[in-house]
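Hi,

Here is the structure I said I would pass on.

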Amino acid sequence: ALENDISQFDEHVAKSSFPENIAFPQSIKGHLTVYQLLQKQLNILNTQATRINGLRKELLKTEMRVRHKNKFFQRLSSAGDQVFPKRKELIKQISHQFLTDVDQFIHKHFGEQSSKESLFVLREEIKALQGLAKVLTLNTNSFTETRTRLSECWDRIKTEEKERKKERAQQKVVYKQNFEELEKQILTLKEALEKNEESHGEAQKKVEAIVSQMRAVELGRDELKALRDSLTEVRTLITNKIKAHEGARQQLEDERERQKREKSQALRDQAHQLVIGHDGMDADQLIANRDALLEQIHDSSLSKIEKQELDRLLKPLRDIITEKKETALLALSDNDRNALQQLKAILQQ
């Protein structure tokens, strides 16, 4: 049975499989096919070597004629010649390959330059390499050497973790100090806004200054998030303050526009009333009322176009005033006319 099994070695290798529950290291994934082929052969050879050694021990304990026993030893020796040399060579190959891959892994991540991989990833990779070493059929030297070197890398990771924890503890102290200082500025600004002691323009400048300071100092992720949330509240207050100010300004503007419209309408009504109500006034009174109204128009905050329109409404008064003057002259007595001529002469002199 053993001899038949050895003669069908290739068929057994083709039917065998590599354990699927093994966490194969990512660093040597490129040589997965090599390891699978070598280890599948070694699994068959290991089984056959165990059977040969077991049969030898059993043969030594079994009582039979020496001549028969020697024939069995010769057949077992022939079987061993087909198994043990091949097994030894394959163990040498897989041990060399594994040792080379471990060396490359250590040189890459634990050489002179610090690795860019996280310590967690490196730790998991070392565990995978150590687990694979137990599955592979390695010689004692390779197994011991790789185990020792990987253990040293594990110790380096633990040391690095302690240093990083110490550094993180120191950073947390710095983070806390910077956070407390910035938070104090934000709270002060927020209280000033709530008490209306700060204009929205100045508050916006202070927010930008705080943001610039946040970028310049060291802060942790949690501290940064808390400060951003606080700044969001301040920006909301500023936005509400701007809206309130804009609403008040718009309301004041609307009130001014309303007063302006009322003033314009009042002046229009006065101009219209002056034009249609001239019958009860003489020329001098009409001129005085017109001039007073023109002064109001020119002193008002109306636009140039509106003032020109009001001036056009008062234009008919010119003809009315001239007519009233002529009518007054025609109504004068002879003595009044002579007196008027004398006054004109005196004025001329």
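Below is what turned up, starting with the core and moving on to the rings.

A quick word on the ground rules: this is a predicted model, with pLDDT of at least 70 needed for local features and 80 or more for side-chain atom pairs, while totals for chains, interfaces and linings use all residues. Residues are numbered from 1 along each chain as its sequence is written, and side-chain values use heavy atoms, leaving out hydrogens and water.

The largest nonpolar core has 37 residues. By that I mean buried Ala, Val, Leu, Ile, Met, Phe, Trp, Tyr and Cys residues joined through side-chain atoms within 4.5 Å, with buried meaning under 20% relative accessible area (1.4 Å probe, protein chains only). Helix 4 (66-110) is one of the helices that each supply at least two residues, and helix 4 gives the most, 11. Helices here are DSSP runs (H or I, at least four residues), numbered from the N terminus.

F98 is among the residues with the most contacts inside the core. Y35 and F98 are both buried, and their ring centres are 6.5 Å apart with planes at 80°, so the pair is edge-to-face (rings pair with centres within 6.5 Å; planes over 60 degrees apart are edge-to-face, under 30 stacked, the rest tilted). Y35 sits in helix 3 and F98 in helix 4, so this pair ties together parts 63 residues apart in sequence. Ring pairs also bring F24 into a cluster with Y35 and F98.

One more to look at: Q48, in helix 3, counts as buried at 1% relative accessibility.

Cheers

Notes. Buried means under 20% relative accessible area, exposed over 50%, partly exposed in between (1.4 Å probe, protein chains only). Rings of Phe, Tyr and Trp (its six-membered ring) pair if their centres lie within 6.5 Å; planes under 30 degrees apart count as stacked, over 60 as edge-to-face and the rest as tilted.
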